[in-house]
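Here are a few friendly notes to read alongside the model. Please keep the viewer open as you go through them.

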Amino acid sequence: MGGEPDRGRVAKYVAARRGALGLTQERLAERAGVTVKTVYNLESAERWPQARTRAAIEEALEWRPGDLVRIAEGGEPTPYEEGEPDEVAVTLRELEELGAYFAALRADPGDKRRMALAFLRALYGEPEGR
């Protein structure tokens, strides 16, 4: 992104999208995992958020990664189409599922853990381990 982002343009788009989704600033902040002050600063064009914060807000607004920068540069956001899988949400669910499996394996002192370790070593081509 060359130069300063058009924060005023971004502010209008974010406020409009939040309204279209029926969200308060508090609810958007909660969904994005940021403070209400962060949302307020964005919607009032006070500050330009860091990349990680932008990504969280884009996801909470159901926009694609990079949309805030696109808007700041004069482009349009690209909301997900109805029924289109949200890759980030799918990945997060899969990671939660893996976390649950690993938690169960940590508690298992026997064969399950050894078999899982053997499988992972074979999967990553490390028969002797790391």
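The points below cover the core, a pocket and the salt bridges of this predicted model.

1. Let's begin with the core. The largest nonpolar core holds 17 residues, and Val-10, Val-14 and Leu-28 have the most contacts inside it. Helices H1 (7–20), H2 (25–32), H3 (36–43), H4 (51–60) and H5 (67–72) each give two or more residues to this core.

2. Leu-28 deserves a click. Setting aside neighbours within four places in sequence, Leu-28 is in contact with Val-14, Arg-18, Leu-23, Val-39, Glu-43, Ala-60 and Leu-61.

3. Next, the largest pocket, which has about 240 Å³ of space. Its lining draws at least two residues from each of helix H6 (87–107) and helix H7 (111–123), and H6 gives the most, with five. Eight of the lining residues are nonpolar, none is polar and one is charged; among them are Tyr-101, Phe-102, Lys-112 and Phe-119.

4. On to salt bridges, of which there are seven. Arg-9 pairs with Glu-76, with the closest N and O atoms 3.4 Å apart. Arg-9 lies in helix H1 and Glu-76 in the loop between H5 and H6, so this pair ties together parts 67 residues apart in sequence. Glu-76 is partly exposed, at 46% relative accessible area.

5. Asp-67 and Arg-70 form a salt bridge at 2.5 Å, N to O, and they sit three residues apart in H5, about one helical turn. Asp-67 is buried at 0% relative accessibility, whereas Arg-70 is partly exposed at 32%.

Definitions and conventions
Residues numbered from 1 in each chain as written. Predicted model: local features only at pLDDT ≥ 70, side-chain atom pairs only at ≥ 80, totals over all residues. Heavy atoms only, no water. Core = buried A, V, L, I, M, F, W, Y, C linked by side-chain atoms within 4.5 Å. Buried < 20%, exposed > 50% of the residue type's maximum accessible area, 1.4 Å probe, protein only. Helix = DSSP H or I, 4+ residues; strand = E, 2+ residues; numbered from the N terminus. Contact = heavy atoms within 4.5 Å. 1 Å grid on protein atoms, 1.4 Å probe; cavity = no way out; pocket = protein on both sides within 12 Å on 5 of 7 lines; lining within 4 Å. Points joined across faces, edges and corners; volume = space filled by probe spheres on them. Nonpolar A, V, L, I, M, F, W, Y, C, P; charged D, E, K, R; others polar. Salt bridge = Lys/Arg side-chain N within 4 Å of Asp/Glu carboxyl O.
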